[in-house]
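Dear colleague,

Please find below the structure that I am handing over to you. My notes on what was found in it follow directly after.

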Amino acid sequence: IGYDVQIATSGKEALEQLASELSFDLVITDVVMPGAIQGTDVAKAAEALNRNLPVLLITGHAAEALDDLTPSNTYNVLTKPVSQNDLAAAIHRVLKP
């Protein structure tokens, strides 16, 4: 949909990218990811690095999966299944509040 993206195939790789010199305007992560580091861990790390960095969490699981997150206006949640139009609208809403 026209955005430049950086892809991570695991939570570990996402954390490495967040800690790198790359600059991000938005983090989009699935709540459940391969490996021990989950999307909620990525969200917390993104917030710790930059409190103003918005995070869009995508989940097919119950809201309880998000219970360990600190209440924050930087977390936005989309529930699966997510259409391309829904994703585009959420990104636009998050980046241009």
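T59 is buried, with a relative accessible area of 2%; buried means under 20% relative accessible area, exposed over 50%, and partly exposed in between (1.4 Å probe, protein chains only). This residue is found in strand β2. Apart from neighbours within four places in sequence, T59 is in contact (heavy atoms within 4.5 Å) with D30, V31, V77, L78, T79 and K80.

Please note that this is a predicted model, in which local features need pLDDT of at least 70 and side-chain atom pairs count only at pLDDT 80 or more, while totals for chains, interfaces and linings use all residues. Residues are numbered from 1 along each chain as its sequence is written, and side-chain values use heavy atoms, with hydrogens and water left out.

The protein chain has three helices and three strands, in the order α-β-α-β-β-α along the sequence. Helices (H or I, at least four residues) and strands (E, at least two) are DSSP runs, numbered from the N terminus. Of the 97 residues in the chain, 32% are buried. Among contacts with a separation of 6 or more, 55% are between residues 24 or more positions apart.

Helix α2 spans residues 39-49, and its buried residues are G39, T40, V42, A43, A46 and E47. Seen down the axis of α2, these fall within an arc of 155 degrees, so they line one face of the helix; the arc is that of the directions from the helix axis to the C-beta atoms. They pack against α1, β1, β2 (55-59) and β3 (75-79). The exposed residues A48 and L49 are carried on the face of α2 turned away from its buried side.

The largest pocket holds about 790 Å³ of space. A pocket here is an open set of points on a 1 Å grid over the protein atoms alone, where a 1.4 Å probe fits, with protein on both sides within 12 Å along at least five of seven lines; lining residues have an atom within 4 Å of a point. The volume is the space filled by probe spheres set on the points, which are joined across faces, edges and corners. There are 26 lining residues, and V5, Q6, L26, V27 and I28 are the closest to the pocket centre. At least two lining residues come from each of α1 (11-19), β1 (27-30) and α3 (84-95), with β1 giving the most, four residues.

With kind regards
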